[in-house]
Amino acid sequence: MNNFEKDQDFLDLLSAWHENKNLTPARRKSLLARLMNDPGLRQELAREIEMAGLTRAAQAGEHRWLELEEILQSGIPQNSSGFENSIMEKLKSSSQKSSKKVFSFPQLSWIGLAASFIFIFSHFSNEQQDKQGVAEIIRLEGKKNSGNIKRILAKGEEFSFEQGLVEMAFRESGVHLVGTGPLQMTLVGNDRVFLKKGEIKLVVPPQGIGFVVDTMERKFVDLGTSFVVQANTQGSKVLVLDGEIAVGARNSRPSQLMRKGSMADFDRGSKMKLRSGIPSGVPEISVPPRVLRPASLTGNILGFPKDPSKLDRNKDFNHGISRQLLPLVQTGFEREDCLQNLISGRPISFNGIAGTYNRFPEAASLRTYDSKLGWLAWYKGKIKAPQPGRYRFWGYADNHLLVAVNGKPVFEGSRYDSAFRNELNIFRNNHPSFPCLNARAGFARGEWFEAEESTVRVDLLFGESSQNHTSGILLIEREGEAYEKTYWGQPKWPLFLTEFPEEKQVAELDALRIHMEENIQGSFSISRDALWQVSSGS
Amino acid sequence: MPSSSTNFNPDEIVRDVVGGNKDRFRLLVKEYGLLVRGYLSARVYHLEDAEDLAQETFVVTFSKLSSYELGTNFRAWLLSIAKFQLSNHWRKTKGRANTMDKFRHDIADAIQPEMMKASNELEKERIAKLLACISKLPDRTRHLIRAGLDGVRVETLAEEMKVKPNAIYQIRHRAHIALRKCMETNEPTPAT
């Protein structure tokens with residue numbers, strides 16, 4: 001058998017296939033000619049390509065068939081159209097006409113009857129399932145209790161009661177629902193409910209992934225989670241307790257993911273207001289402590305003033321914070337003219353960049369800044385490496401992250417829209433195979449820099465282009481050091497730290513590390529041996 | 001991951017779905033999802049495109065299910081739909097294709113029968129073992145296989161691993177042979 005791994009034609013064909021490697025016309029012609037005449041090469045190439053595709057797909061994780069799920073769950077029989085819409089329209093018009101009417105179990109509204117009839121007629125093939133019902137009430141407490149503890153609820157049936165608590169389980173999906181009265185909902189199917197009024201909490205096991213809760217305003221598709229939905233005549237709201245859900249609008253706009261801890265309101269005008277949340281799903285980390293120690297690397301948080309009279313409208317407004325600070329970086333952090341129009345918060349101490357920071361400016365006393373133009377924390381000082389040697393940074397930030405050593409930028413790990421990334425031309429290598437916190441972009445790494453026995457000056461910029469929900473991670477690698485690796489082979493480089501974190505922060509960082517390991521297959525370490533020592537904190 | 005049940009009968013599921021129990025279609029997706037995604041990932045450069053095409057394949061499969069002839073080969077029928085989606089994708093992107101894209105299409109044309117044969121060799125019971133087999137690879141090889149997932153360029157990988165780009169393809173080729181063997185025999189993958 002031919003040893004293809006040493007066959008240059010085979011390797012060139014692979015590089016052309018996988019990497020679009022540029023080959024001369026003559027080379028392409030000769031490769032195609034060989035391919036036509038060599039069945040062994042064709043077979044080995046085909047096997048290699050198939051296997052590469054399969055390993056890519058397998059490692060990409062379980063695909064979410066959102067579009068397919070929508071079709072499967074739409075309740076639309078294969079050869080009819082608009083069934084679901086007709087139900088939703090009836091429910092909607094009912095809501096508008098009788099918003100003050102209180103329904104009580106087992107009284108059924110005409111909507112429920114209509115829904116039941118339509119479902120019964122359109123799903124005649126599921127008679128057996130309908131007989132068994134789609135959900136079973138486990139517990140019902142409170143006013144208008146029917147007394148039938150084991151009541152079976154059928155597909156299309158409306159369920160309502162004035163006051164109390166109901167607990168039910170869906171037969172096929174195993175979804176567990178706890179509702180609080182006053183409650184009014186329709187069991188659209190074994191994997192879908194329409195909530196018109198009240199509050200329900202759902203715990204969705206793996207086999208129930210894809211369970212849908214409809215309200216007038218939105219469609220909430222479970223993606224393996226526990227969440228609470230409330231609905232009333234004014235709108236609906238959702239709180240994600242665990243996992244994540246997809247929130248779909250009642251139009252063709254794409255779904256939006258909400259993750260653990262996120263809460264949002266939806267009004268009848270279909271506006272969504274995110275009340276609190278961690279869109280990235282990354283655990284939140286406390287902002288730097290107020291206490292500044294002699295050993296602390298210190299910094300200032302900077303932003304634009306809210307008062308536009310203090311701004312040069314043409315110069316500042318269109319720039320944003322990262323562009324405003326470009327001259328500072330370009331002059332090796334020497335010229336600070338560009339900071340003149342900015343305001344700053346209290347001095348802060350550096351305790352690493354890791355996780356999500358939702359209230360960084362506020363906690364650092366930068367309260368009156370213009371959040372639309374962003375903020376940046378600038379840490380600077382003289383530090384000494386834990387051991388002499390060559391080092392390089394790894395990391396990523398949403399939005400801005402830059403580190404300079406002795407005035408020269410050695411790492412830039414900002415998001416795609418940062419001026420640091422687009423206008424400074426700093427060496428950067430992207431490693432999408434090493435997952436970062438909240439993007440498929442992956443880790444970036446900087447170039448090696450020398451850190452000998454003496455101290456080096458470090459300048460570190462980290463911040464946000466607008467609003468909040470900032471996240472980032474900054475790790476450091478020492479050349480030649482052996483690091484423990486993750487399952488996928490990513491070294492667990494240590495966080496770049498100048499002080500060992502306090503107990504509370506260690507717990508937060510542990511939560512972050514667990515999140516990374518469980519959700520994105522990344523990791524990092526915290527090591528006393530990797531601490532950089534501060535000799536001068538500002 | 002697909003279940004490794006040898007008793008899986010797609011025709012039975014198709015009959016149920018066509019009969020109105022469309023929830024059962026998820027079983028087909030679960031059983032053949034990785035096969036279709038792998039088939040498309042092998043042929044499309046961007047993984048996201050492959051995932052979209054896989055979804056479109058199952059959406060079309062669902063809508064055309066009543067035209068599937070029971071008793072024939074469901075897997076082949078499904079892959080023919082995936083192939084049709086792929087052709088459509090190539091047709092749509094043809095206008096943007098550069099010389100090397102066209103060369104890839106030429107390669108694909110030249111080895112089409114072999115690719116189909118290679119795809120057929122990957123039985124679903126074996127595919128189910130793939131992740132377990134990957135986990136048995138040495139760290140360095142596993143990292144390399146993982147790097148292919150996000151489209152890390154071979155030059156970048158070669159620089160990072162301090163080897164020549166050709167060596168990346170060689171290591172990957174060896175790893176794939178080891179994985180195939182592991183999937184067939186369920187034996188530990190040899191060091192690569």
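Student: What makes β18(A) and strand β22 (residues 443-445) of chain A a pair?

Tutor: Two antiparallel bridges join β18(A) to β22(A). Two strands pair if DSSP finds at least two bridges between them, so β18(A) and β22(A) qualify. Within β22(A), Ala444(A) is the bridge partner of Gly395(A). This is a predicted model, in which local features need pLDDT of at least 70 and side-chain atom pairs count only at pLDDT 80 or more, while totals for chains, interfaces and linings use all residues. Residues are numbered from 1 along each chain as its sequence is written, and chains are lettered from A and ligands numbered from 1 in the order in which they are written.

Student: Which bridges join β18(A) to β23(A), and how many to β25(A)?

Tutor: Strand β23 (residues 449-451) of chain A is joined to β18(A) by three bridges and runs antiparallel to it; Tyr391(A) has Phe449(A) as its bridge partner there. With strand β25 (residues 470-478) of chain A, β18(A) pairs over eight bridges, also in the antiparallel sense. Ser471(A) in β25(A) is the bridge partner of Asp398(A).

Student: How many residues of β18(A) are buried?

Tutor: Seven of the ten residues in β18 (residues 389-398) of chain A are buried, and the strand is mostly covered.

Student: Why is Pro361(A) called buried?

Tutor: A residue is buried if 20 or more other C-beta atoms, placed from the backbone, lie within 10 Å of its own, exposed if 12 or fewer do, and partly exposed in between. Pro361(A) has 25 other C-beta atoms within 10 Å, so Pro361(A) is buried. Pro361(A) belongs to helix α11 (residues 360-363) of chain A.

Student: What is Pro361(A) in contact with, leaving aside neighbours within four places in sequence?

Tutor: Contact requires C-beta atoms, placed from the backbone, to lie within 7 Å. By that test Pro361(A) touches Ile301(A), Gly303(A), Gly345(A), Leu366(A), Tyr369(A) and Trp375(A).

Student: How do you know what kind of elements chain B has?

Tutor: Helices (H or I, at least four residues) and strands (E, at least two) are DSSP runs, numbered from the N terminus. Chain B has eleven helices and zero strands. Of its 192 residues, 40% count as buried.

Student: What makes up the contact between the chains?

Tutor: Chain B supplies 63 residues and chain A 52 residues. On the side of chain B that touches chain A, α2(B) gives the most, with eleven residues. That side divides into 29 nonpolar, 16 polar and 18 charged residues. Ala, Val, Leu, Ile, Met, Phe, Trp, Tyr, Cys and Pro count as nonpolar, Asp, Glu, Lys and Arg as charged, and the others, Gly among them, as polar.

Terms used
Contact = placed C-beta atoms within 7 Å.
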